[in-house]
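Colleague: Could you take a close look at one part of this model for me? I would like to hear about a salt-bridging residue and what surrounds it.

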Amino acid sequence: MTKVLVIEDDPAILRGLVDNLKFEGYEVHAATDGEAGYRYQQMHKPDLIVLDLMLPRMNGLELCKKLRAEGLQTPIVMLTAKSEESDRVLGLDLGADDYVTKPFSIRELVA
Amino acid sequence: MAYRTRARQWLLILIAVLLPAGLLIGLARRLIRQESELARTRAAEEHRNAVDQLGRELTARLEAIKLQEINRWIRVPAVPGAHQPPDAALVFVAALDGDRMVLPWESSGVVASSPGFVDLRRQGEVLEFLEKNWIAAVDVYRRARDAARRRPETCEAMLLQGRVLAKSGRTKEPAVIYHTMMKDCDAAVDEHGMTFSLYAAERLIESRNERAAYDYIIERTNRVRWIPLYEAYLIRSLLKSAGGRQAELARDTISRRIAEMDQVIGLTRQFHRVRPLAEDAWAAYGPEPWLISVAPAEPPLPSLVFVVSSEAASSKAVPPSAALVAKDTPNSEPLGDGFHGLNVKWPPGQFDVRAGAASTPLYAAGIAFILGVTILAAYLLLRDVNRDLRMAEMRAHFVASVSHELKTPLTAIRMFADTLALGRARDERARSEYLETIVNESERLSRLVDNVLDFSKIEQGKKIYQMQPASLADVVRSAVRAMQYPLAQQGFTLNVSIDENMRAFPADADAMEQAILNLLSNAMKYSGSARQIDLCLKSAAGEAIIEVTDRGIGIDPREQPRIFEKFYRSGSSERIAGTGLGLTVVEHVAHAHGGRVEVRSLTGQGSTFSIRIPVSTSEAPA
């Protein structure tokens with residue numbers, strides 16, 4: 001089963017993401033801050049990471065950069081309220097594979 | 001952005017401070033240079049004028065003396081009173097005999113003694129010196145005195161008589177004779193120009209050390225302007241043994257007279273050299289120069305030589321510390337046309353360039369003041385610009401934060417609405433939870449919008465508080481209810497303590513609830529890994545106190561004064577979502593109720609925020 005790691009600090013959004021991804025048939029792991037997310041990634045080796053940009057302890061961009069620096073090839077989907085072009089470019093430059101802007105629809109996310 | 005801002009600030013400093021400062025300094029230096037130049041020119045002109053004026057005044061004075069003396073000479077030539085020059089500056093006027101100066105005090109030649117007197121004097125000397133017959137000698141000298149036809153002969157005979165009487169052992173008679181001589185022989189001089197009275201005084205001093213003799217010498221020294229050199233030396237020698245202040249002064253006087261006489265003798269010897277110069281100008285002679293001028297005349301009048309003391313003549317024209325000196329004196333300068341060999345020596349610093357130096361500190365102080373003002377203005381400008389820049393950055397951050405804060409509940413609402421619409425809810429319980437989440441997220445959204453709207457009204461001064469009697473206990477309970485869901489969702493335990501006896505008082509219940517919600521919301525955000533929050537309503541010292549305490553990350557003491565500023569977010573909150581408005585609204589609400597907000601916080605140990613509202617004790621209990 002495809003393993004997905006969701007790293008999101010807002011409990012409501014995290015709950016919605018986890019439920020919907022499980023509904024799609026993924027094995028879902030959740031973390032609420034950057035450092036916890038990094039530990040989960042090391043532990044569970046997910047096939048996909050859904051990563052919020054604004055996180056406590058270590059933010060999404062830093063985590064993404066760190067994972068890519070360690071040679072991790074796992075696809076990363078950035079998830080953020082920020083929609084500025086510069087944020088998107090920065091995220092993609094740091095190694096994100098895609099970018100989903102809040103508020104997003106379930107169809108957009110699972111597509 | 002920061003680099004551009006910094007560069008802009010430096011440009012601003014350059015334009016506002018460095019350029020004007022540089023221009024000012026340049027301008028001031030130029031002014032100082034011009035001032036110094038002007039001062040130098042002025043000092044040089046002043047110097048030139050002083051020399052010219054001194055020359056003019058001295059010439060006028062000397063010519064006046066000369067004219068006065070020529071008139072005197074024409075009226076009464078060879079007047080005996082010429083021994084006492086009427087002008088104090090005039091040393092003497094001498095007639096010229098060929099190239100020789102005939103000094104006014106010189107005797108007109110030795111007059112031959114009368115034959116009878118000469119004979120008797122010789123006889124007396126034979127008796128006195130060869131035969132040692134002093135009694136006979138006394139008699140012969142007495143006869144010589146009787147035979148004398150002129151005063152010098154009489155005085156000489158008296159002197160001889162006194163001498164031989166003293167040799168014969170008499171003491172009283174010689175003293176009487178010498179006393180008489182001091183009175184009667186003052187104007188009688190011998191062939192050397194020495195007065196006989198001085199010989200008498202000398203003998204009185206040698207034999208009896210008589211005070212009267214000293215007094216006579218002192219009086220004569222002060223009275224007679226020109227004392228022949230031999231006489232002057234004798235007086236100086238005799239005064240050595242005299243005591244008293246008068247004698248001391250007389251010794252000084254005689255020393256001056258001797259010096260003057262030496263100078264006269266020197267002038268007499270050098271006159272052939274001085275004369276050509278003195279014929280067309282005033283020629284200086286001597287170390288304390290005399291000014292010599294020759295006025296040629298047609299016979300029978302003799303040409304005259306005027307000798308004037310430069311010091312006395314210039315006493316009014318020369319400043320006290322300046323002096324007229326001989327031309328070779330160091331640090332002196334020629335007095336100019338009309339004088340040969342005469343220099344003036346000014347006191348050091350008389351014509352120093354002072355104006356420039358004096359105004360330099362003034363300019364420096366002026367520049368320092370203007371620079372100070374410019375720097376202050378630049379500092380204030382930079383501070384304002386920095387504040388504006390900071391405010392602009394905070395506003396930009398605020399917009400992004402609000403956007404994020406709005407989108408987060410919106411995302412949740414949309415996601416759960418989508419989930420429900422797509423029939424993805426596993427069961428009824430999940431569906432119910434999703435709906436509850438939508439409601440709670442909507443409330444969260446409302447609170448956020450309320451905060452932003454309240455802030456907007458506060459900013460515009462349009463925020464109106466509806467003050468009605470309200471129970472703070474109810475307000476606190478309502479806030480707790482509103483926060484139950486998010487608290488529970490994030491696993492927080494909220495310890496609530498309410499003083500139920502608190503009286504109702506006029507307050508805006510909605511605003512107070514908003515303030516409590518903001519404090520609770522902040523407590524959750526900044527709790528870190530801690531999951532316990534205390535909410536307490538109590539009263540103390542006439543105040544209602546609402547306290548919210550977390551055990552989270554705390555606030556750096558340096559940042560505490562700024563946390564109520566609008567848009568301000570502490571450094572430790574960078575990774576925590578927020579708008580920077582919550583505490584601004586809390587403080588405004590507290591102030592609107594006549595109260596205040598206090599914060600106690602330790603980094604790493606949590607924070608306690610207290611809203612303290614003064615409560616009137618006359619209000620009825622709730």
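Modeller: Happy to! B:Arg444 forms a salt bridge with B:Glu441, with the closest N and O atoms 3.0 Å apart; the term stands for a side-chain nitrogen of Lys or Arg within 4 Å of a carboxyl oxygen of Asp or Glu. B:Arg444 and B:Glu441 are separated by about one helical turn, because they sit three residues apart in helix H12 of chain B. Helices here are DSSP runs of H or I with at least four residues, strands are runs of E with at least two, and both are numbered from the N terminus.

A word on the basis: this is a predicted model, where local features need pLDDT of at least 70, side-chain atom pairs count only at pLDDT 80 or more, and totals for chains, interfaces and linings use all residues. Residues are numbered from 1 along each chain as its sequence is written, chains are lettered from A and ligands numbered from 1 in the order in which they are written, and side-chain values use heavy atoms, leaving out hydrogens and water.

The two partners differ in cover. B:Glu441 has 1% relative accessibility, so it counts as buried, while B:Arg444, at 24%, counts as partly exposed. Buried means under 20% relative accessible area, exposed over 50%, and partly exposed in between, with a 1.4 Å probe and protein chains only.

B:Arg444 also reaches the other chain: it forms a salt bridge with A:Asp10, the closest N and O atoms being 2.7 Å apart. On chain B, the side that touches chain A draws at least two residues from each of helix H11 (355-421), helix H12 (428-460) and helix H13 (472-489). H11(B) gives the most to that side, with twelve residues. Its residues divide into nine nonpolar, ten polar and ten charged; Ala, Val, Leu, Ile, Met, Phe, Trp, Tyr, Cys and Pro count as nonpolar, Asp, Glu, Lys and Arg as charged, and the others, Gly among them, as polar.

For the interface as a whole, the rule finds three salt bridges across chain B and chain A. In contact there are 29 residues of chain B and 28 residues of chain A, contact meaning heavy atoms within 4.5 Å. About 2,500 Å² is buried between the chains, with carbon and sulfur atoms giving 57%; buried area is the accessible area (1.4 Å probe) that two parts lose on being put together, summed over both.
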